[in-house]
Amino acid sequence: MSLDADDISRLYRSHARAMLTFFARRTYDPETAVDLVAETFAAAFASRHQFRGDSDEEAGAWVYGIARHQLSALFRKGQVERRALSRLEVERRALTDPEYERIEQLADLAELRNLVADRLAELPAEHRRIVGLRIVEERSYADIAAALDISEQTARARVSRALRALAVQLEAAPQADVEVTDRG
Amino acid sequence: MDDTAEHFPDLPILDELGDALLAAYRRDGAGARGPRRPALSVVRPRSPGRALVVAGVLVLLIAASSAAATLLVLRGSPIPAPSPRDVPPEQTPVPASARVAPQRAADPGAGPPWALRIAQSRTGLLCSTVGQVVGGQFGLVGLDRRFRTLATGIVDGCGQERHNAASLVGARVLDAHDARDVRTVVNGVAGPQLRHVTLQAGRLRRDVPVGAGGVFITALRGYPEDLGIRVALTFADGHVERHPFGVSDSVVPDPTGGRAWRAEAFQFGTPIPVRCAKPGPRHGCRPAGGPAEVCVRFRPARMTRNPPFSEAVCGRFPDPRRRTGYFFGVRREVPGPAFAPGDFYAAGWKHHPPRTAVFGIVGQDVTRVDVDGPGGRRHVVIAPGGAFVSVYGPDVRPADLTVRVTLSGGRVETHRGDANLVTPRRRP
């Protein structure tokens, strides 16, 4: 069956909420998750002629394949690709506070946030301070260097070390919601 | 999805996005283009005092290219599968069904060989995952050069199994900061009747081995649109399936083997000038008549940060509802500034090597565009919507090119240099 605009819209209606939750749990960011949902369905429309299935079930599987590709691209590039959205000339507004919180609720991000907050508190004071300057106060590396009386290169290196230390802490934490089955 | 129904009462953004997408689908399907606006996501800054400070850490880690960022985003090794509650059963593989097919595709560089893992989903669909094999384990080498195994719950896609046709066929792109590390892995499962797989990418022609069950896989260096990949699957009964990847009327290859290009058309204001008795739609608005100004530039086909882009050239179509006529520019772009402050139409070629190009937009009465230059006559493919671009290498000058435009009825108009351009109205 070939897909038209209404078919893609029906797919959107059926899968947007679950897909948004999927993205939010993998990116930890509601705004990015919404961008990924938008780009997925824009890309689905652009490639609708390539769909070769016969059923709604297969169409759902197909659009999730596109979603996974978008997620992989985000992890590799560090930003959401907006090529399909750009071609359709679609923009969206920012999330309202209630929407932002609702997505966090759907994705259960509060639990994860508590985990990260706990691990932040366990960092050495120097690491905690420099992460605060970079993340909380959004200072540039030049500003951080001036504030700590160090070179900009040293500031970058210290932020990187601090974030690595945080990452190690998080990796060591129990991850009850992660499926860690492996089959070599 | 109709404009008035509310499908996500707790998330109006999803309803609005759905409506915007549907409107765009219909607009695109009709061939019309709306006013061009920067495709930016407007994100309202949030107070750092919120608990989202922590989320900010995670976002930074996602955006960073350090090993720590990759480690956190991928949450260690093995790379875990998504939570089952996030994925429909059609896309959830049965772990015991997963097996790595014996085919191996050599990596174009020094990386581990590529392979395909096949599984069945909980609803019986066939699923596949592209990965690499190291020490008998299936996973991926990340941008930090570290190998991580992939949990069995991770799949690229699932489809209905077929025995005399492709069940799954695709080109998996693995991006990288360095273009030499980018990989496109063409792969598929096409059943026991598959006999031959032939791949063409530019001058490259490759026969891809076919394994049991019609499994095939091959790896290329670069992006699909730069390679222009065409795959042909031949079955035992003689029928052939053809699958293009990165091939499009909107994408043109680079003459020196670099990144592919595309023409980008845009206009400001409404596509059809209107006069309205009151603001808003359906309030006595009627077409005002008069020409609409449209502009076009060329740039890399793949969206990247800070790409080079050419000067924009503009023209007018007398009747915007039914475009007739054409306009185009012939430009040689050379390394220069990133942008010209206050001049939206100027080029921002940055450090890209020089290119000469013919680019523009044709109306419905144009049947063909050819360019005569060094190397002979080149037929130019026109994208849906009428935009086109033909790109030449750094040794070709605009004066070397002659453009032939064939109109319906057979008349041919020949130009050396620009044709039918207007000076763009400057934005306020």
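**Pocket, strand and salt bridges**

Visitor: What is the make-up by class of the lining of the second largest pocket?
Guide: The lining holds 14 nonpolar, 10 polar and 10 charged residues. Charged means Asp, Glu, Lys and Arg; nonpolar means Ala, Val, Leu, Ile, Met, Phe, Trp, Tyr, Cys and Pro; the others, Gly among them, are polar. A pocket is an open set of points on a 1 Å grid over the protein atoms alone where a 1.4 Å probe fits, with protein on both sides within 12 Å along at least five of seven lines, and lining residues have an atom within 4 Å of a point.

Visitor: What sort of model is it?
Guide: The model is predicted: local features need pLDDT of at least 70 and side-chain atom pairs pLDDT 80 or more, whereas totals for chains, interfaces and linings use all residues. Residues are numbered from 1 along each chain as its sequence is written, chains are lettered from A and ligands numbered from 1 in the order written, and side-chain values use heavy atoms, without hydrogens or water.

Visitor: How much space lies in the second largest pocket?
Guide: About 880 Å³, taken as the space filled by probe spheres set on the points, which are joined across faces, edges and corners. The pocket is lined by 34 residues, and the closest to its centre are B:Glu225, B:Asp226, B:Val252, B:Pro253 and B:Asp254.

Visitor: Which elements and domains supply that lining?
Guide: In chain B, helix H4 (224-227), strand E22 (376-380) and E23 each give at least two residues; helices (H or I, at least four residues) and strands (E, at least two) are DSSP runs numbered from the N terminus. Domain 1 (77-245) and domain 2 (261-415) of chain B each give at least three, with bounds from an automatic or database domain assignment.

Visitor: Is strand E20 of chain B buried or exposed?
Guide: All 8 of the 8 residues of E20(B), 355-362, are buried, so the strand is largely enclosed by the rest of the structure. Buried means under 20% relative accessible area, exposed over 50% and partly exposed in between (1.4 Å probe, protein chains only). One side carries B:Arg355, B:Ala357, B:Phe359 and B:Ile361, and the other B:Thr356, B:Val358, B:Gly360 and B:Val362.

Visitor: Which strands pair with E20(B)?
Guide: Strand E19 (326-333) of chain B pairs antiparallel with E20(B) over 8 bridges, and B:Tyr326 has B:Val362 as its bridge partner. Strand E23 (387-392) of chain B is also antiparallel to E20(B), joined by 6 bridges, and B:Phe388 stands opposite B:Gly360. Pairing requires at least two DSSP bridges between two strands.

Visitor: Changing topic, how many salt bridges are there over all chains?
Guide: The count is 27, a salt bridge being a side-chain nitrogen of Lys or Arg within 4 Å of a carboxyl oxygen of Asp or Glu. In one of them, A:Glu31 and A:Arg92 have their closest N and O atoms 2.7 Å apart. A:Glu31 lies in helix H2 (30-46) of chain A and A:Arg92 in the loop between helices H4 (83-88) and H5 (97-107) of chain A, so the pair ties together parts 61 residues apart in sequence.

Visitor: How accessible are A:Glu31 and A:Arg92?
Guide: A:Glu31 is buried at 5% relative accessibility, and A:Arg92 is buried at 8%.

Visitor: What about A:Asp35 and A:Arg82?
Guide: Their side chains form a salt bridge, 3.6 Å from N to O. A:Asp35 is in H2 of chain A and A:Arg82 in the loop between helix H3 (56-77) and H4, 47 residues apart. Both residues are buried. Salt bridges with shared partners join A:Glu31, A:Asp35, A:Arg82 and A:Arg92 into one network.
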